[in-house]
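Please look over the sequence and the model shown here before reading on. The paragraphs below are meant to be followed with both in view.

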Amino acid sequence: MIRSSLLIAAASVALSGCALLATPDPVQLYRFGGGSAFAGTGATSACPDVHVSMRRIDFPEASRGDRILAVTGAEAAYIKGARWVSPAETLFEEALRNAFADGGTCTVLSSGPLTRDGLLLSVDVRRFEAAYAAPGAAPDANIVVLLRLVRPGDRTIVAEDRISVSESAGENRQSAIVAAFDRATAEASRQIVLWTDQQGFQATRN
């Protein structure tokens, strides 16, 4: 009788262990970059078309994929229970391409081969992270991007620059942090488009 009771108890423990292993922590999915970076601006221009091909966007290894990177001083971790609905680099590139379509007054962003007088745009994202001044504080969504515009024919660097964008989440909540990333992405996209327009236009006049 004692032996039977022990076997039943052992089986119960094994089954409960399997149930625990089969039940992952809930994860909330988020996206960013859905809004227009140029909503309501109505920008128009008489400048000539500048045909630009954009290279695949580079992202820091720690920020790639669907996890949301958080940094406090020298420490880094991923925000528990929150994921991007697609890899961050994919969402960022979609947002940037939409920004070019909505607000590029000089730039025609091409997905095909470069034209003879076309330019090549490199977008190197160096930071894409929620930065905390102290544990538990309201973080900032920080984005740092290196830009380079090249004339492929002779590999001449037409222009290069660095942009930094920071948007405060206002509070330490997942939805507030995601909203800060959304605003930061829109602003970074807007600056990239305006910079490419300006530098590309000047390149056609030289």
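What follows goes from the overall fold to the nonpolar core and then to the charged pairs.

This is a predicted model, and its protein chain contains 3 helices and 8 strands. Read from the N terminus, the elements follow the order α-β-β-β-β-α-β-β-β-β-α. Of the contacts in the protein chain with a separation of 6 or more, 71% join residues 24 or more positions apart.

The interior comes next. In soluble globular proteins, nonpolar side chains tend to be buried together. Here the largest nonpolar core has 49 residues, and the members that touch the most other members are W84, F92, V123, F128, V145 and I192. Two or more residues of this core come from each of the strands β2 (50-54), β3 (67-72), β4 (75-84), β6 (119-132), β7 (140-151) and β8 (156-168), and likewise from the helices α2 (88-103) and α3 (174-205). The element that gives the most to this core is α3, with 11 residues.

F128 lets the reader follow this packing from a single side chain. Leaving aside residues up to four places away in sequence, F128 touches the aromatic residues F32, F59, W84, F92 and F181, and its other partners are S63, L69, A88, N142, I143 and T185.

Side chains of opposite charge can pair when their charged atoms come close, and the structure holds 7 salt bridges. In one of these, R183 pairs with E167, and the closest N and O atoms are 3.3 Å apart. Because R183 belongs to helix α3 and E167 to strand β8, this pair ties together parts that lie 16 residues apart in sequence.

R173 and E171 meet through their side chains at 2.9 Å, N to O; R173 counts as partly exposed at 42% relative accessibility, as does E171 at 37%. D124 and R126 form another salt bridge, with 2.8 Å between the closest N and O atoms, and R126, at 48% relative accessibility, is again partly exposed.

Notes
Residues are numbered from 1 along each chain as its sequence is written. This is a predicted model: local features need pLDDT of at least 70, side-chain atom pairs count only at pLDDT 80 or more; totals for chains, interfaces and linings use all residues. Side-chain values use heavy atoms; hydrogens and water are left out. A nonpolar core is a set of buried Ala, Val, Leu, Ile, Met, Phe, Trp, Tyr and Cys residues joined through side-chain atoms within 4.5 Å. Buried means under 20% relative accessible area, exposed over 50%, partly exposed in between (1.4 Å probe, protein chains only). Helices (H or I, at least four residues) and strands (E, at least two) are DSSP runs, numbered from the N terminus. Contact means heavy atoms within 4.5 Å. A salt bridge is a side-chain nitrogen of Lys or Arg within 4 Å of a carboxyl oxygen of Asp or Glu.
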